[in-house]
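Have the model open while you read.

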Amino acid sequence: MAEEKISVRNLVEFILRQGDLDNREGSTDVDAMQKGSQLHKKIQKGKDSTYRPEVSLKMEIPLEYGDDVIILKLEGRADGIQTLPSLDGCKRALIDEIKTVKKDLGKMEAPDPVHVAQAKCYAYMYGEEEGISSGIVRLTYCHQETEEIRYFEEPYELSELKEWFYALIKEYSKWVFWKRDWVKKRNESIKKVEFPFEYRPGQKELAVGVYRTILRKKKLYLEAPTGVGKTLSTVFPAVKAMGEEICEKIFYLTAKTIARSVASDTFSLLNGQGLLMKVLTITAKEKICILDKPDCNPAACIRAKGHFDRINDAVFALLTSDELLIRETIERYSEKYQVCPFELSLDVAVWCDAIICDYNYVFDPNVALKRFFDGGANNYVFLIDEAHNLVERAREMYSASLVKEQFLKVRQIVKGSWKRVEKRLGACNNILLKYKRECDDMLVVEDVHELAVQLLRLSQAYDELMEAKPDYGAEEMNEILTLYFDLKRFLSIYELLDDKYEILFQFLENGAFQVKLQCMDPSENLKKYLSKGRSAIFFSATLLPVSYYRQQLAGEPEDYAIYAPSPFPKENRRVFLAKGVSTVYKRRTREEYRRILSYIRAFVAGKKGNYLVFFPSYRMMEDVLAILEEPEFQPFYEIAEIYEQKAGMTEREKEEFLSLFSEDEKANRSKVGMCVLGGVFGEGIDLTGDRLIGAVVVGTGLPMVGPARELFRSYYDEKKQMGFEYAYLYPGMNKVMQAAGRVIRTMEDRGVVLLLDERFQYSQYQKLFPREWFPWESVSLEEMKEKLKAFWNE
C-alpha cells in the first residue's frame, strides 16, 4: 500500500495560496524566527492548566486510487489546544494558532485565510482523534517588537469542518494521483534503460562506485580526467538508484551554464532509450525575467498581480503535458498563465525527478530552495560537477559584508519620512565610522557585537518600512532593497560565526569602508546542507590533491575517494616544462617576456593548427603581445593569426571567439587565442579533434598576493601548517590543470601542453600533476623544437 506524507502547513499553503507576488513584503531571517519562537513560548506560558502547548497531530487518510488505496499521512503541530466546558454533554475545545508578525495589527481587518485553514485542519484532526464535536478556532497574532496581541476567533462544528476538510483533501489528491501514476511510469522506464555506450576502461567501475556510494548513504570525491565520461558515469547510476526507489530526487549542481547544458544533454541521451523523467534546468531569475531587471511586485510587473491565483493551474498543466521542461517551455507556459517564469520553474521543481541548477540553490543560505531543505533529511542525491569550484564559491556563500556608504545613501532617501529608520541608520553609521577610524588598510578584529545589536534594531525598523510598501522611485527603491537584503544576510551569517570565520575591516578599491564576515573554512556549513540529502558525489577533472578538497568540502573519514584512470593513449599527448623562464613578479621584464614569446612562437611553429595561450592576467598578456610589434617577432604573424580575450565579453562575443577555432585544413596560418588563466575559456569548453591541438600556460596560476589572500595563508598556517598550499598553491595549480585539460578531449585527439615557468620543475608543484601527464619532459627552447618535430611526425 503506497503512502504519501505532507504537513498541514505545506498542504494549506500549497492548495489555498492566493494574491500577489511581492518582493516589498520583506523576508524572514534567523533573528525573526528566534524572536517568533520566544514569543510563542511566552504566550503559551501565560495560559492556564487547561491549555496544552505544542500538540502533535497525525491522521491517515485513505485515497481510492483505481483498484488500490494510497494512504495520505497528514502531520502537524497545533500551537495550543485548550479544553472548553462541555455543552449539552458534548466535548469542546479551542484550537490556537499563534503567528508573530511585523505588520500593524490595528490595520488587520481579518486573519490570513491560510492561517485560518491551518487551524481548522488541526481542529478537525483533533476532533476526530478525541471525539470533540465543536469549539473555537482562534488566530493569535503577536507583533514581533511591541508584543501587542490581537485575536480572531471563529466557532466550528465538526460536522461542518468535515465537509470543508475533505474538499481540501480532494483538491490535493489530484496531485497525489498524478505523482503516483508518473512514478510508476518512470520506474518502469528506468528498468529498461541500459548504459548507452560500450564502457571505456575504468568507466563501469566508476559507475558502480557511484551507485554503491548512493546505496550506502556516503559521499564520494571523484577525480576523473577529461574523457572518462564522468557526467554519464554519475547520472546513469543515480537514475538507476531512483528506479529502485533508493533516492527520490537528483540534484545536478554546477558552477557554469555550459556544464548545465552537458548535464541536460546526458539526460536527453537516456531519454533516447525510452527513459521517462521530469528533468528541469533552473534558469537564473535575471536571465528568464520578462523585465529588463527583476522587480517582483504588482506595481512593476503585470504578472506579479494575482500570480498565486494562477500558479497551481500553470504547474499542473505543465506537469501533465509531455513537453520537455526546458527554458522555452517554462517561458511559454508562464506567458499563457500570466505568471512569473522563475517562480513557475521553482514550483515545478517540487514535482520533478531531477533538477539541474547552480550550487547556490542547494548550499547558499540566502538562495537555497527552502521548499526542499527546511525540514530534515530526505532521499536526495547531490551530483556536484566541477567540484573544485565549490570551495571558493562556498566561502563566499557563507560570508557577508556591509559597506558604510550604503547606510548614508539610504538615510538620505528616507530622511524626514521614516524617522525611526533614519535614526537606526544613523546609529549604525556612527559605529561604522568608529570602526573606520581604527583601520588603516585591513584589520582583523575579534567581534562586532556592538554593530550587530544596532543592526538588529535597524532590521526591525526596516521591516516596518518594507511592510508599508513605500512609493519611492526605481533607483531609490533599489538602494533601499540592496541594503535591506545585505542587512538580512549579514545578520544571518553573524549567527554562524565560529572559529572558521574571521571578521575584517577593510577599504575597497573605490575608497568605501567595509565590514566583512569572512568564511575561512566552509566545511561545517556545507555539512549542514549535505545532511539534507542521502548522498553526495563530488567530481571534477582537477580534484587534486583530493585530501584538500575532501577537507574543505565536508568529507568524513568513512567517505570514499576515487581516482579514475584516463582512457586516452599516453602517446597522444606531450607535456613540456620550459627551462629558464619565470613569471615571478621581480622577473617580469621585457627580456623575460621575449623569452616567453620565443617559446610560444616555437611551440606554434611546430605544426599548423589551433592553440590557446593562458596568461596570469590581462596586464601580462598585453605586455607580452606588445613585444610582437618588435621587428624580431614580426614573422610570428606570418604563421599565426592572433585573437585576444577581452574583459567583460558578452555571451555572444564568447561564442564568436570560440567559433574561430574550427577544423579548417585549408587555413594558411595557425590560430592562436590569447586568454586569461582561470577565465571563461580556461575550463568547461570542448574544442575536440583539430579545433585545439595545443595549450600554453604562462605562470603557475597563484593568486595575487594581497591582504585578503595573506589572511587565508596565516589562518591555515595556524590551523594546518599549510598556509601557502591552501591560500596559493592548490587554487593556482587547479587553474593550470584546467587550462591544460582543454587539449585532449576525445580518444582520437592528439595534442601538446607547454608549461612556462621554472617553478614547474619543483617537486612541490610536480606532486600535484595528474597521473595522465606522466611522463612530462623538461625542455630548453631548442630541445622543445626537436621533440615537437618528432611528436608531430609520428
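With 794 residues, a compact globule would have a radius of gyration near 28 Å, and the protein chain agrees with that at 30 Å. That radius is taken over C-alpha atoms, and the globule rule is 2.2 Å times the number of residues to the power 0.38. Laid along its principal axes, the C-alpha trace spans about 105 × 70 × 50 Å.

A word on ground rules: this is a predicted model, where local features need pLDDT of at least 70 and side-chain atom pairs count only at pLDDT 80 or more, while totals for chains, interfaces and linings use all residues. Residues are numbered from 1 along each chain as its sequence is written, and side-chain values use heavy atoms, with hydrogens and water left out.

The protein chain has 28 helices and 24 strands (DSSP runs numbered from the N terminus: H or I of at least four residues for helices, E of at least two for strands). Buried residues make up 54% of the 794; buried means under 20% relative accessible area, exposed over 50%, and partly exposed in between, with a 1.4 Å probe and protein chains only.

Now for the charges. The whole structure holds 49 salt bridges, each a side-chain nitrogen of Lys or Arg within 4 Å of a carboxyl oxygen of Asp or Glu. Here are three of them:

| Pair | Closest N to O |
|---|---|
| D499 and K719 | 3.8 Å |

E3 is partly exposed, at 43%.

D499, in the loop between α18 (474-494) and β14 (501-507), reaches K719 in helix α25 (residues 707-720), 220 residues apart. D499 is partly exposed at 48%, and K719 likewise at 39%.

K527 and E524 stay local: they are three residues apart in helix α19 (residues 523-530), about one helical turn. Beyond these pairs, R574, R750, E777, K787 and E794 are linked in a salt-bridge network.

Finally, E663, D664, E665 and D690 form a negative surface patch. Patch members have over 30% relative accessible area and no salt bridge, with like charges joined within 9 Å. E665 lies in the loop between α24 (651-659) and β21 (670-676) and is exposed, at 76% relative accessible area.

Notes
Patches are made of residues with over 30% relative accessible area and no salt bridge: like charges are joined within 9 Å, nonpolar side chains (Val, Leu, Ile, Met, Phe, Trp, Tyr) within 5 Å. Accessible areas come from the Shrake-Rupley method with a 1.4 Å probe; for residues, only the protein chains shown count as cover. Lys and Arg count as positive and Asp and Glu as negative; His and the chain ends are not counted. The place of a charge is taken as NZ of Lys, CZ of Arg, CG of Asp or CD of Glu.
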